[in-house]
Amino acid sequence: MRKIAALLVVLVAFAACKSEKKEPANDTVKEEVTYASFGKEIVADDAVAARSMAKHYKDMSVGDSIPSKMIATVEEVCQAKGCWMKLKLEDDSQVMVKFKDYAFFVPKNIAGKEVIINGQAFVTETSVDQLRHIAEDGGKTTEEIEAITEPKKEYAFLADGVLLKEE
């Protein structure tokens with residue numbers, strides 16, 4: 001009888017182990033992201049988050065420049081041609097992005113979308129005339145344009161390639 005009881009215990013234990021076989025965890029499923037490409041062909045790898053890039057900008061002076069690749073959200077786009085865009089860094093700060101050699105444009109309807117840009121990050125002082133021109137291209141009112149009376153220190157980026165996250 002002891003042998004039968006021991007055999008039953010072994011069989012039950014074996015069956016229990018077999019039935020608790022777990023499926024492999026699927027925690028490493030990576031979302032497949034596709035991008036529309038503008039300008040120079042670039043890859044999405046190694047892009048710095050906008051909040052990290054904001055820290056770099058704060059350490060820079062007018063005239064400083066660093067090669068960069070960053071990922072950020074578009075806040076505003078030139079409504080005349082798509083020839084510039086403004087990206088959100090953090091809080092209320094933005095970076096003005098222009099395209100190298102005026103060689104390409106982005107769609108005018110991408111405000112709120114995520115982009116990856118590659119090129120040169122720098123700090124500049126933008127003249128009143130240029131600020132007014134940008135405001136006009138951005139669709140600002142005459143009153144808003146005329147209210148611009150002083151040059152502005154700005155974060156800028158000269159992009160040679162842009163990836164637009166497709167949905």
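How many salt bridges does the protein have by the rule used here? The count comes to two, and we will meet both below. Keep in mind that this is a predicted model.

Let's start with the overall layout. The protein contains four helices and seven strands. Walking along the sequence, you pass them in the order α-β-β-α-β-β-β-β-α-α-β. Of the 167 residues in the protein, 34% are buried. The protein exposes about 11,200 Å², and carbon and sulfur atoms supply 52% of that area. Take contacts between residues at least 6 apart in sequence: 73% of them join residues at least 24 apart.

Now for the salt bridges. Side chains of opposite charge can pair when their charged atoms come close.

| Salt bridge | N to O distance |
|---|---|
| K40 and D160 | 3.7 Å |
| E90 and K58 | 2.7 Å |

In the pair of K40 and D160, the side chains meet in a salt bridge. K40 sits in the loop between β1 (35-39) and β2 (48-49), while D160 belongs to strand β7 (residues 152-165). The two are 120 residues apart, so this pair links distant parts of the chain.

Is D160 buried or exposed? D160 has 18% relative accessibility, so it counts as buried. K40, in contrast, is partly exposed, with a relative accessible area of 46%.

The other salt bridge joins E90 and K58. E90 lies in the loop between β4 (84-88) and β5 (94-99), and K58 is in helix α2 (residues 50-58), so the pair ties together parts that are 32 residues apart in sequence.

Terms used: Residues are numbered from 1 along each chain as its sequence is written. This is a predicted model: local features need pLDDT of at least 70, side-chain atom pairs count only at pLDDT 80 or more; totals for chains, interfaces and linings use all residues. Side-chain values use heavy atoms; hydrogens and water are left out. Buried means under 20% relative accessible area, exposed over 50%, partly exposed in between (1.4 Å probe, protein chains only). Contact means heavy atoms within 4.5 Å. Accessible areas come from the Shrake-Rupley method with a 1.4 Å probe; for residues, only the protein chains shown count as cover. A salt bridge is a side-chain nitrogen of Lys or Arg within 4 Å of a carboxyl oxygen of Asp or Glu.
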